Amino acid sequence: MTAPSALSFDIREIPFSRRGSWLDISPVVALHTVRDRLHLVSHKTGMHAIFVFELLQQGVPVDAIVHATPTTLRWTTPEGEIAAVFESDSVLRLRGRSAQLRIADATPELTPFTGTYLYTDPIDGAAVFTSYETGRRYRITSVTGSLTIIGSEALGVGERSVDTSGAEWEIAIEEFDAARAPYRARQTFDTAASLVATEFDDYVERIASWRSDSTPGVSAACYVLWSATVSPSGFLERESIFMSKHWMDKVWSWDHCFNALALAPGLRQEALDQFRIVFDFQDASGALPDSVTHSEVLYNFVKPPIHGWAFRKLRGTLHAPLETQTVADVYDALVRWTRFWLEHRRVAGHVLPHYQHGNDSGWDNSTTFDRDRVIEAPDLAAFLLVQLEVLAELAGELGHHEEAAVWNREVEIVRSALLELWNGDAFVAKAPSSGRTSKTSSLLNKLPIVAASHLPDDVIEKLSAHIAHHVTEFGPATQLVESEEYEADGYWRGPIWAPSTAIIEDGLRRAGQTDLADLISERFRRLCERSGFAENFDALTGEGLRDRAYTWTASCYLTFAREAEARSAVGPPWSQGA
């Protein structure tokens, strides 16, 4: 089997980076903004393009062919080549042979509050750029060859750049805070590349040792995860996986669950950290933030309480039991999160909590919210039902038997209330003030399948049939494709998404609807292998949409692939004992 580090990928689809780094190289520099040339981008204090890279031959800009692997990024011209490798999470090494590189300031001008200032360090002669946008410094040091610094100490509008020179040259670009000792190369470029290859290959082996020829997307999925991982910095005190190192450079309070599930088989501590990271920011009411990143924590919305479901599934994936203290800590966090919904999102006299906006559900613009934004939604009730059940299990495990009894009573109350949202054919959402019911053509209304063990058989049969109606050649569309509201690129009004697919597939499997679950898993895996790991996909063409390097898509692919390989290894029931 080919080494994962030999993977080749399109730099316009997936940024070039490495685990732990807050930097990447990509033509994507902002929301839906793609440049012709590659840029060095930092994700500290936001997404900010720092440098634009321009290849030169005899001082004249030239085009180049770009080739990317997890180890190195190469620009090739008819006469020469430039290569880049991340020596560490904060150091980028570049090497050129018969080609030069211009590293230019990506900001148009320097003002007292914006832009980048360039000066020549009198200590070691390095070029140092200081960025108002990131609040960090970017030092360019010559390892071999020489540098021409243009615009040193210039103010206002003007060129600020560094040109390499020499038949063969090498430089290092560093991102750091206020000060760092002058750069000294402690290993060769090739050694650095070899170490990156070893690190990435080990990462893939640890979380996907089960891979086979029937799972051809594994290396790319692992690279999307590995390269979107940042080291602790700013508000984030744990290693964290962003949704992407394109513009979706945050941790949202439900996406982290899917990434934790992908890591769990071989990176136990990393998986637990990824699951627990948003609980580091749980507020006094027990609410989780909407999202967290380097310098921002947002509480204006929340995300759905899928965490009980995810923790149960994560534990089932681990190869060894969790320590009692870890279980207790997770239990306490889930208790506070659950009480937020029960104490702060329930109208007096109502059993079910409510969303205040589509953003709370994660399905921002689903048609379920067309009539009312504030709704008691069936997916919320089902997630809460599962989470209450998990709390009862954990309380019993920890010896908190009175608490377990309380959670079990709440399970029965919420179960009855969920079934009151069933109109005989479909689950509806209701506005808590008026009682008006929602549309039912969104896949969101079918998510109660996640609580299959609490649903009557006739409800499961009808729900499964409705889900099957959503399934296209590529997977479950988030909106019925024949409905008048369907939009091919309508965010949650049509495209296929990884999390909804994962929740639906798991619920169907728990409901005993294994044929449909198998079909959905198979189609989603083939979709990713064909179209990559985009934020979402056109339900009718399979085209990748929006952000093209999304970690929860990669994680759901890995989880589906791992589970499919396990089922294949077990074989069909009639083969057992043959």
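Tutor: Start with contact, which means heavy atoms within 4.5 Å. This is a predicted model. Leaving out residues up to four places away in sequence, Thr293 touches Phe235, Leu236, Phe242, Asp249 and Lys250.

Student: Why is Thr293 called buried?

Tutor: Buried means under 20% relative accessible area. Thr293 has 9%, so Thr293 is buried. Thr293 sits in strand 17.

Student: What makes the pair of Thr293 and Asp249 a polar contact?

Tutor: The cut-off is 3.5 Å between N or O atoms. A polar atom of the Thr293 side chain lies 2.9 Å from the backbone oxygen of Asp249.

Student: How do you know that strand 16 and strand 17 pair?

Tutor: Pairing needs at least two bridges. Two bridges join strand 16 to strand 17 (residues 291-293), and the two run antiparallel. Val251 stands opposite Val292 in strand 17.

Student: What makes strand 16 and strand 18 edge strands?

Tutor: The open sheet has three strands in the order 16-17-18. Strand 16 (251-252) and strand 18 (296-298) each pair on one side only.

Student: Why are helix 3 and helix 5 called roughly parallel?

Tutor: Angles under 35 degrees count as roughly parallel. The axes of helix 3 (residues 255-263) and helix 5 (residues 307-317) cross at roughly 5 degrees and come within 10 Å. Helix 3 and helix 5 are therefore roughly parallel to each other.

Student: Which residues meet there?

Tutor: His256, Cys257, Phe258, Ala260 and Leu261 in helix 3 meet His307, Trp309, Ala310, Lys313 and Leu314 in helix 5. By class, the residues of this contact are seven nonpolar, two polar and one charged.

Key:
Residues are numbered from 1 along each chain as its sequence is written. This is a predicted model: local features need pLDDT of at least 70, side-chain atom pairs count only at pLDDT 80 or more; totals for chains, interfaces and linings use all residues. Side-chain values use heavy atoms; hydrogens and water are left out. Axes are lines fitted to C-alpha atoms, for helices over the stretch in contact, and angles run from 0 to 180 degrees between N-to-C directions. Helices (H or I, at least four residues) and strands (E, at least two) are DSSP runs, numbered from the N terminus. Angles under 35 degrees count as roughly parallel, over 145 as roughly antiparallel, 65 to 115 as roughly perpendicular and the rest as oblique. Ala, Val, Leu, Ile, Met, Phe, Trp, Tyr, Cys and Pro count as nonpolar, Asp, Glu, Lys and Arg as charged, and the others, Gly among them, as polar. Buried means under 20% relative accessible area, exposed over 50%, partly exposed in between (1.4 Å probe, protein chains only). A polar contact is a pair of N or O atoms within 3.5 Å; within protein, one must be able to donate a hydrogen and the other to accept it, and residues adjacent in sequence count only if both atoms are side-chain atoms.
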